[in-house]
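Subject: Structure handover and what was found in it

Dear colleague,

Please find the structure below, together with its sequence.

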Amino acid sequence: MAEIRVQNLRKEFGSFVAVQDSNFVVNDGEFFVMLGPSGCGKTTTLRMIAGLELPTGGRILLGGEEVTMLRARERDIAFVFQLFALYPHMNVRKNMGFPLLAQGMPKAEIRQRVEETARLLRIDHLLDRPVSGLAGGDRQRVALGRAIVRRPKCFLMDEPLGTLDAEFRDLMVHELREMHNRIHATTVYVTHDQLEAMSMADKIAVMNHGAIEQFGTPKEIYDHPASMFVADFIGSPPMNFLKFGGSLQKGAKEIVVQGASVVVPEIREDFALADFALGVRPEHIRFDDASKLRGSIYGTEYLGTTQIVAVETADGMLKARVAADLPLRMGEPVGLSFNAQRLSLFEKASGRAIL
Ligand code: ATP
């Protein structure tokens, strides 16, 4: 397996910039997820790493070797389009051995490789079964086995679970991650689903309009979003934004929102008069009668261990996640306070985080 290094990677289609000067490193054995809304350039980036699309600028290094202009088949990678695409008339053994047969590998070696890979994926008991009779999860393992058996330098996957229903998808997310923990294959995985990304990734790149807005671990991205776009895209319900205007002084530890003073982490530089947004995740809001920041209960969504409470304030709706057994009445006036250590601050014009 190998490290993937992407330097100033760019793709233009005519005058349209689909990928803007991307930079990232996927370390050997890491599970890397490119996450973002439709059209943000994820697939184009993946196709450039695969060699299916040539960049208009920048470089791609695979295991330290430049592959930027190499053809797909010269790159030694496995592109998994659709995990369910198997040859239905062949048994598991033949399906898995097919890529090696196509490479001209001797039969005895193919047999050994296939059996080794099947043991790794715990499907060795299925080797002589026809794939047509297999359950979904086993078919998925066989399809992965067919990709792994070649021992490529890395795996590229483009929304491989995209067509599955929600329940099966959750199961497969878990399975894929577990398989990754066993084989440690460098993987680049594309999805627009933030929950999928958060539960599988070692590192995530959040993309927007062809650019990487933030690169980091799921925890870094969730706890310290670099922009309002990232804060809004990650988390369900997403981060709340409370608007306020004014100037901010370096060293200040309080701001005023809707007439109430709110304690924030220390401001690191001076900001001239501008519009800002205070970002607070739903789980960092508490109901607090003493707080001057007021609202009224608009609705609740019961989730078993917690409930999501919509609170109407002078500046719009906020969502709080509180204990499920907290008794609340519709229309009830409440005070709101925040966990000061977990707040974000953004400059509204640029959307960038300033804390
Ligand atoms: P999706 O999840 O919808 O596939 P994506 O983030 O993977 O979205 P891309 O498929 O990489 O996005 O596309 C990025 C942008 O580049 C889109 O606006 C798309 O229309 C454009 N694009 C992609 N391929 C081409 C092409 N061959 N010619 C012109 N424009 C293209």
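Which residue in β2 does Arg 5 stand opposite? Arg 5 stands opposite Val 25, and the strands here, like the helices, are DSSP runs numbered from the N terminus, with at least two residues of E for a strand and at least four of H or I for a helix.

Before going further, please note that this is a predicted model, in which local features need pLDDT of at least 70 and side-chain atom pairs count only at pLDDT 80 or more, while totals for chains, interfaces and linings use all residues. Residues are numbered from 1 along each chain as its sequence is written.

Overall picture

The protein has eight helices and 20 strands, and its C-alpha trace spans about 75 × 50 × 30 Å along the principal axes. Of its 355 residues, 35% are buried, where buried stands for 20 or more other C-beta atoms within 10 Å of the residue's own, exposed for 12 or fewer, and partly exposed for values in between, with C-beta atoms placed from the backbone. Among contacts between residues at least 6 apart in sequence, 63% join residues at least 24 apart; two residues are in contact if their C-beta atoms, placed from the backbone, lie within 7 Å.

The protein is divided into domain 1 (4-232) and domain 2 (239-347), with bounds that come from an automatic or database domain assignment. The C-alpha centres of domain 1 and domain 2 lie 39 Å apart, and the contact takes four residues from domain 1 and six residues from domain 2. On the side of domain 1 that touches domain 2, the residues divide into three nonpolar, no polar and one charged, counting Ala, Val, Leu, Ile, Met, Phe, Trp, Tyr, Cys and Pro as nonpolar, Asp, Glu, Lys and Arg as charged, and the others, Gly among them, as polar.

Core

The largest nonpolar core holds 86 residues, of which Val 33, Leu 156 and Val 188 touch the most other members. Both domain 1 and domain 2 give residues to this core, so it lies between them. Such a core is a set of buried Ala, Val, Leu, Ile, Met, Phe, Trp, Tyr and Cys residues joined through C-beta atoms within 7 Å. If neighbours within four places in sequence are left aside, Leu 156 is in contact with Leu 46, Ile 49, Ala 50, Ile 77, Phe 79, Val 80 and Val 188.

Helix α1 covers residues 42-50, and its buried residues are Lys 42, Thr 45, Leu 46, Arg 47, Met 48 and Ile 49. After α1 comes Gly 51, whose phi is positive, near 90°.

Strand pairing

Two strands pair if DSSP finds at least two bridges between them. Strand β1 (residues 4-13) pairs in the antiparallel sense with β2 over seven bridges and with β4 (residues 57-62) over five bridges, where Ile 4 has Leu 62 as its bridge partner. β1 and β2 form a hairpin with two residues between them, and Gly 14 in the turn has a positive phi of about 65°. Strands β12 (residues 254-257) and β13 (residues 260-263) run antiparallel, joined by four bridges; in their hairpin Gln 258 takes a positive phi near 50°.

Backbone points to check

A cis peptide bond, with omega about -5°, joins Ser 236 and Pro 237, and Pro 237 lies in the loop between α8 (228-233) and β11 (240-248). Glu 159 has a positive phi near 40° although the residue is not glycine, and Glu 159 counts as partly exposed because 17 C-beta neighbours lie inside 10 Å. His 184, in the loop between α5 and β8 (187-191), has a positive phi near 50°, and with 12 C-beta neighbours inside 10 Å His 184 counts as exposed.

With best regards
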